[in-house]
Amino acid sequence: MTLQLRVYVPPHPLIKHWLAVARDATTPSVLFRSAMTELGRWLTYEAIREWLPTMDTEVNTPLSTCPATFINPEIPIAVIPILRAGLSLLEGAQTLLPLSSVYHIGVVRNEETLEPSIYLNKFPSQFHSETRVVITEPMLATGGTIVTVMEELTKRGIDPAFVRIISVVASPVALQKLNVAYPGLVIFTAAIDEVLNDKGYIVPGLGDAGDRTFGT
Ligand code: URA
């Protein structure tokens with residue numbers, strides 16, 4: 001069986017609305033942050049539908065007993081925001097995954113070569129092999145950063161089949177690179193934009209997601 005990257009662009013009106021707000025160059029930072037929080041929430045909601053581990057049991061209602069399904073508390077859930085811009089989607093993801101642990105990783109791109117390098121890594125030396133992972137990275141542009149983060153995760157025991165990537169705008173270049181490196185991955189994004197300019201920015205995109213989130 002050949003594994004293939006699965007990319008979902010959920011056709012939800014709230015995702016379309018908040019994407020439009022985020023794309024608009026006149027949106028001030030305070031509203032941009034709200035838009036990213038909402039995108040983080042709704043994209044995570046879509047992404048965890050068949051991913052959150054559950055367990056079947058029974059509960060006693062005031063009248064009788066009936067089958068019931070709970071989230072399985074034994075299986076660790078990790079949210080990984082890629083600094084800086086990934087922080088913008090974190091709050092939305094965390095509201096749906098309140099028991100998750102958050103592991104930060106900071107990756108910076110060389111502005112000339114566009115090559116990524118890690119400047120902060122708070123990952124443990126080994127993750128539990130069943131850990132479910134949500135990575136928040138709003139812009140999948142060249143794909144260099146996300147592949148670097150995936151390498152750091154898989155060498156610490158994360159199974160790519162348990163990973164969901166949440167992004168806002170993805171480029172075909174990044175998706176192709178991920179498909180080669182991790183063909184079983186699943187990605188949820190609000191949009192796919194075709195063009196990547198020579199500075200590695202997605203066009204039309206939404207600009208620099210980190211700068212617009214933090215106003216710097
Ligand atoms: N990072 C951003 O913030 N925006 C882009 O368009 C590409 C990378």
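Predicted model: local features only at pLDDT ≥ 70, side-chain atom pairs only at ≥ 80, totals over all residues.
Reader: Where does α2 run, and how far apart are its end C-alpha atoms?

Author: Helix α2 covers residues 29-47. Its end C-alpha atoms are 26 Å apart. At 1.5 Å a residue, its 19 residues should span 27 Å, so the two values agree.

Reader: Back to F32. Why does it count as buried?

Author: F32 counts as buried because it has 24 C-beta neighbours inside 10 Å. The cut-off is 20 or more.

Reader: Which residues does F32 touch?

Author: A22, T27, R212 and T213, leaving out residues up to four places away in sequence. A209 is 177 residues from F32 along the chain, yet their C-alpha atoms are separated by 9.1 Å.

Reader: New topic. Which residues are around the ligand?

Author: A209 is one of them.

Reader: How many are nonpolar, polar or charged?

Author: Six are nonpolar, three are polar and one is charged.

Reader: And what does UniProt place at residues 9-216?

Author: The unreviewed UniProt entry places the feature "domain: Phosphoribosyltransferase" there. In the model, that span is 32% helix and 29% strand. Its end C-alpha atoms lie 29 Å apart.

Conventions. Residues numbered from 1 in each chain as written. UniProt positions renumbered as here; feature names shortened; annotations may be inferred. Helix = DSSP H or I, 4+ residues; strand = E, 2+ residues; numbered from the N terminus. Near = placed C-beta within 6 Å. Nonpolar A, V, L, I, M, F, W, Y, C, P; charged D, E, K, R; others polar. Buried ≥ 20, exposed ≤ 12 C-beta atoms within 10 Å, placed from the backbone. Contact = placed C-beta atoms within 7 Å. Expected span 1.5 Å × (residues − 1).
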